Amino acid sequence: MLNNDHESFAAAQARAAAAVSCESVVLPSGLTVLCRTMPGYSSVHAIYATGFGSVHRAFRLDGKQVTLPAGTAHFLEHKMCETPKGDSFNFYAKTGASANAFTSYDRTCYLFSATQKIDENLDILLGMVGKPWFTKATIAKEQGIIGQEIKMYDDHPLRDDIAGTVESIAELTPQMLYNCTKAFYAPSNMVLSVAGKITLAQAVDACKRNGLYRARAPHEVEWDIPAQDGPLPHKEALFTMPVTKPCFGVAYR
């Protein structure tokens, strides 16, 4: 379980549930399931999310210090979609579902929308995220792919970009990624949210099929937030893009 920020995370879950008047349940495993049954809708939208993002770079797992290079959460997002049987997006394509995933500063989300084979799609979603599979060969392949993506754009980050750098992701190893899944992809740090032509019982049944219902011994995890010393890498950034609406942002420690 997460010792730090657990109360605020739980409060955010409760506010999210209240905001959309959805049903919710916390399973014995610690997983929070939210459901908004919507009569008259023909589709289902599901999101499986963890409170692990690009800002989470250091933590203690069962008393052992773990330090991560920039871009780890984003890299892990890509790798979680790959299974020993193939890419999960290929499985979604066979069911007709539309799937995606994204990483932000404080969370990683996996999602799909579908009008048919809902139980099968839930199994794909929960199965791929619940059964991590990493090897040196597959990590090296992904490092090349993401490295090319990083080179294709320059997002002018004030600190570290969500995707990291070519140099930072080159430091990743299978053990680092497995440490992340043990710490942050535990049911107690995750939320399954579904809406549309689906019931809470149907979502809970999917969790049972994928081993996410029963209670389990939690890993002890503590955030390690480093002190922000020294000058900012970039005091300001100004650039022109082919958009019609100007954007302005302010960041602070």
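Reply: Happy to. One term to begin with: a residue is buried when its relative accessible area is under 20%, exposed when that is over 50%, and partly exposed in between, using a 1.4 Å probe and protein chains only. This is a predicted model, where local features need pLDDT of at least 70, side-chain atom pairs count only at pLDDT 80 or more, and totals for chains, interfaces and linings use all residues. Residues are numbered from 1 along each chain as its sequence is written, and side-chain values use heavy atoms, with hydrogens and water left out.

Me: Thanks! What share of the 253 residues is buried?

Reply: Buried residues come to 41% of the protein chain.

Me: And how many helices and strands are there?

Reply: The protein chain has eight helices and 11 strands. Both are DSSP runs numbered from the N terminus: helices are H or I with at least four residues, strands are E with at least two.

Me: Okay, helix α2. Mostly covered or mostly open?

Reply: Mostly covered: eight of the nine residues in α2, which spans 72-80, are buried. Among them are H74, F75 and L76.

Me: What about α7?

Reply: Helix α7 is mostly covered too, with eight of its 11 residues buried. The buried ones include P174, C180, T181 and F184.

Me: Which residues lie nearest its centre?

Reply: T181, Y185, A186, P187 and R216, out of 27 lining residues. To count as lining, a residue needs an atom within 4 Å of a point. Two elements give two or more residues to this lining, α4 (118-130) and α7 (174-184). Helix α4 gives the most, with four.

Me: How does that lining divide by residue type?

Reply: Into 15 nonpolar, nine polar and three charged residues. Here Ala, Val, Leu, Ile, Met, Phe, Trp, Tyr, Cys and Pro are nonpolar, Asp, Glu, Lys and Arg are charged, and the others, Gly among them, are polar.

Me: New topic: S168. Where is that?

Reply: S168 sits in helix α6, residues 166-169. It is buried, at 8% relative accessible area.

Me: What does its side chain reach?

Reply: The backbone oxygen of A70, at 2.7 Å. A polar atom of the S168 side chain also lies 2.8 Å from the backbone nitrogen of T165. Beyond its neighbours within four places in sequence, S168 is in contact (heavy atoms within 4.5 Å) with P69 and A70.

Me: And A114, buried or exposed?

Reply: A114 counts as buried because its relative accessibility is 5%. It is found in strand β9, residues 108-114. Not counting residues up to four places away in sequence, A114 touches S42, S43, V44, A97 and N121.

Me: Last one: how does A10 in α1 count?

Reply: A10, in helix α1 (residues 6-19), is partly exposed at 33% relative accessibility. Its C-alpha atom is 9.2 Å from that of T32, 22 residues apart along the chain.

Conventions
On a 1 Å grid over the protein atoms alone, a cavity is a set of points where a 1.4 Å probe fits but cannot get out, and a pocket is an open set with protein on both sides within 12 Å along at least five of seven lines; lining residues have an atom within 4 Å of a point. A polar contact is a pair of N or O atoms within 3.5 Å; within protein, one must be able to donate a hydrogen and the other to accept it, and residues adjacent in sequence count only if both atoms are side-chain atoms.
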